[in-house]
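Please look over the model below with these notes beside it.

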Amino acid sequence: MTAIEYDVVVIGAGPVGENVADRVVRGGLTAAIVERELVGGECSYWACMPTKALLRSASALRAARQLPGAREAVTGGLDAAAVLGRRDSFASHWQDDGQVSWLESAGIALHRGQGWISSARVVELTGVDGVTTTLTARHAVVVATGSSALLPDIPGLRESAPWSSREAASASSVPRRLAIIGGGVVAAEMATAFAALGSAVTVLARDGVLPSAEPFAGELVTQSLREAGVSVRLGAEAVAVNRDDSGTVHIKTASGERVEADEVLVAIGRTPNTEDIGLDRVGLAPGAWLAVDDTLRVVGGGEWLYAAGDVNRRVLLTHQGKYQARAVGDVIVARAKGEKVEDGRWGRHVATADERAVPQVVFTDPEIASVGLTAAAAEAAGLRIRVVDYDLGAVAGASLHADGYKGHARMVVDEDRKVIVGFSLAGPDVAELIHAATIAVVGEVPLDRLWHAVPAYPTVSEVWLRLLETYGR
């Protein structure tokens, strides 16, 4: 058995774990990462990058077809093999050499294998060669193991070899028929991608499409999916699944409907990767989400244990996980050096934005971009609000961007403070517009001051002026 000591040990080498370790090393401490799969994690190989690569080619083709002149130059459809090939390149062909090289250049030690917490500040590692190594952390252990797709207990589902988001993101071919159980972000994006690639897609959306977004977002995406040939069945709940000897998957719904497909993708949520990392050794429940305080210390885990990213269930988005990672790395360094901890609202060592300032983009057709609270969430939080809506297609820049541009914009205003607490956009290519709204929400910029932020003409960003005019001065 080998024993090694570091200042910080991080379990999980996804983007969150990498960023924690990087901040720790930049702060003058030593750090090691334990990883049992590919360095780079879910986002690099089975989520953010490869899925957006699957979606981008179809998006570019749709954009060309919406413009006279460009439309006439389009003589064919998507080349599915080329799309999958480009996806493979963005997933680095599921090889992590580049990520490993980066760890080395950053001065971060990598230990491959299954790691688990055996006692306070101690992580045991069983390497791929079977050798056990003891890693002791002088200051902190950080759990950054992420989450996995949740598989519901539907009779016959597990035996039917369903796809999760991983199989969808890494598919080597396009199924003729694809059924999707779920209506959230993964379900909507993969329905968009595979319909464009030629699959006959059926979506069983028990709770609707994009149920956590503003209602207009789900309505526009549902309409677009149906126009693309997708069968969207709102309120449909799968109650039984089986795959027959020919490979066909049969799905029965609560209403008695039957759906047949060649593959079935389950996209109903996530579950934390904490089952086998030794939480029981330190008085915590294996398989549970890890509750954390404002500085992302694990509640009930001792002053040395932290959790960042999906695993703490604050926000299950890569960019928010990386945001948390920077705060965690910096606060560990501060505490190790006896420096002041800035844990007040919007302080350096807290992830305040997780509360009410989270940006998100859904790369469907149309794209959905949002930050902060929906109108419903703001009301539930007890805020006195005013909702301001505007037809995004009526903005001059939108009409130039694409013929027949369809979209919608909404800002949610806290009437007591006269600041924006929520902003949502639906429309082609709105992803790049959302950061302006994020700055307004995070900065709590008063509406009176926003009048002085003049949008360039003619751009889609002119919607800011139109929303302010609708609100009134």
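**Notes on the model**

1. Helix 3 (residues 48-65) has 18 residues, which at 1.5 Å a residue should span 26 Å; its end C-alpha atoms are 26 Å apart, so the two agree. The expected span is 1.5 Å times one less than the number of residues. Helices here are DSSP runs of H or I with at least four residues, strands are E runs of at least two, and both are numbered from the N terminus.

2. This is a predicted model: local features need pLDDT of at least 70, side-chain atom pairs count only at pLDDT 80 or more, and totals for chains, interfaces and linings use all residues. Residues are numbered from 1 along each chain as its sequence is written, and side-chain values use heavy atoms, without hydrogens and water.

3. Helix 3 has a kink of about 25 degrees, centred on L55. The bend is the angle between axes fitted to the seven residues ending at a residue and the seven starting there. L55 is also among the buried residues of helix 3 (under 20% relative accessible area, 1.4 Å probe, protein chains only).

4. In helix 13 (residues 434-442), I434, A437, T438, A440 and V441 are buried. They cover an arc of only 165 degrees around the axis, which puts them on the same side of helix 13. The arc is that of the directions from the helix axis to the C-beta atoms.

5. E444 follows helix 13 and has a positive phi, near 50 degrees.

6. Which element supplies the largest share of the lining of the second largest pocket? Strand 21 does, with three residues.

Notes: Buried < 20%, exposed > 50% of the residue type's maximum accessible area, 1.4 Å probe, protein only.
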